[in-house]
Amino acid sequence: MLYRENGQFKASYQADQQIFPIAQDRWAILALVALAFVAVPAVAPEYLFRAVLIPFLILALAALGLNILVGYCGQISLGTGAFMAVGAYAAYNFHVRFEGMPLLLSLLGGGLSATAVGVLFGIPSLRIKGLYLAVATLAAQFFVDWACLRLGWVTNGSSSGSVSVAGLNLFGLPLETPVQKYLFCLALLCVFALLAKNLVRGAIGREWMAIRDMDVAASVIGIRPVYAKLSAFAVSSFIVGVAGALWGFVHLGSWEPAAFNIDRSFQLLFMVIIGGLGSIMGSFFGAAFIVVLPIVLTNTLPTLGALVGLHVDTAVLSHLEFMIFGGLIVFFLIVEPHGIARLWSTAKEKLRLWPFPH
């Protein structure tokens, strides 16, 4: 009975078009953000930051970028891992080749480099779509993997493609402890989530969704497919590139091209499918699900197997994770194609009407 709109009157278009038009939603989000910024750093152990929270924040950012391209614009991409790699290696080059380059500028430079590569590989979307576009973006994955291994200037002369960064600082403040890294990633995620939400609510977002629903009809009513598709590739690649730079700089510290292989591309696509296509909130749901599920399975399956007299070794456990992921993807595609975000939205609507059936 607490989730009601009684007495919440909107006297302007601005009030009616807020991101969270219901006051309870606004207070809940503010409380959640305050909890994330204040309470979690005070009580969470170091393991939770390194194994769960920091990977979740960075992967949620990458899924957010991919969701703009796939969920809002309808352009299939299997090269997200490649764009993350471009962002990571470009940020690394900015960091080591320009003495005194601020960390934030290096990360944004990595995102801009990923934007250029993303637009380049997005040009085929002007002529092809569907499976053919997926194969074209898959070519980006293989090309970037080859470039990171064979082009010495990409890795600053490292023959193996492995690079590392250390002594990170943000405007003179050290960025070394897990709490500091967590707060930095959380702040960037909040900024990009707010920007993405406002983009998809604006004119450019409506153009993306029109192209997604029917590109021929969109062009008839005056929407330029060239601008809409390439802008979606640009925005998506920029966000994914920044996420890739964060993954390398903040989470790994030392990485090689295998950290951004095709498995990473499929993992991000699974996040978007399970979390919810065309939903900003779905990117968070999908990232949380993909990050938390392996940890839960690793800690519970051996115990459950021991209760019934079965020994579950590491190899079997890794295969079970893939089987469960595949089964869940099939489940969501059949039962709820819009993912966890749609289930969450439906639950909120039912709560607003409860206990009335209509």
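Start by selecting D25: is D25 buried or exposed? D25 is buried, at 12% relative accessible area; buried here means under 20%, exposed over 50%, and partly exposed in between (1.4 Å probe, protein chains only). Before moving on, note that this is a predicted model, where local features need pLDDT of at least 70, side-chain atom pairs count only at pLDDT 80 or more, and totals for chains, interfaces and linings use all residues. Numbering runs from 1 along each chain as its sequence is written, and side-chain values use heavy atoms, with hydrogens and water left out.

**Salt bridges**

D25 and K348 form a salt bridge, with the closest N and O atoms 3.3 Å apart; the rule is a side-chain nitrogen of Lys or Arg within 4 Å of a carboxyl oxygen of Asp or Glu. The pair links distant parts of the chain, with D25 in helix α2 (residues 23–43) and K348 in helix α14 (residues 339–353), 323 residues apart. Helices are DSSP runs (H or I, at least four residues), numbered from the N terminus. K348 is partly exposed, at 24%.

By this rule the count comes to 4 salt bridges. Another one to pick is K129 with D215, at 2.7 Å between the closest N and O atoms. K129 sits in the loop between α5 (103–122) and α6 (131–150) while D215 is in helix α9 (residues 215–220), so the pair ties together parts 86 residues apart in sequence. D215 is buried, at 17%.

**Into the core**

Next, select L61. What does L61 touch? Its contacts (heavy atoms within 4.5 Å) include L189, F192 and L246, not counting residues up to four places away in sequence. L61 is among the residues with the most contacts inside the largest nonpolar core, which has 97 residues. Such a core is a set of buried Ala, Val, Leu, Ile, Met, Phe, Trp, Tyr and Cys residues joined through side-chain atoms within 4.5 Å.

Hop to S236 in helix α10 (residues 225–252). S236 is buried, at 4%, and is in contact with G65, L66 and L69, leaving aside neighbours within four places in sequence.

**Out to the surface**

Last stop: I334, in helix α13 (residues 314–335). I334 is exposed, at 65% relative accessibility.

How values were computed. Helix = DSSP H or I, 4+ residues; strand = E, 2+ residues; numbered from the N terminus.
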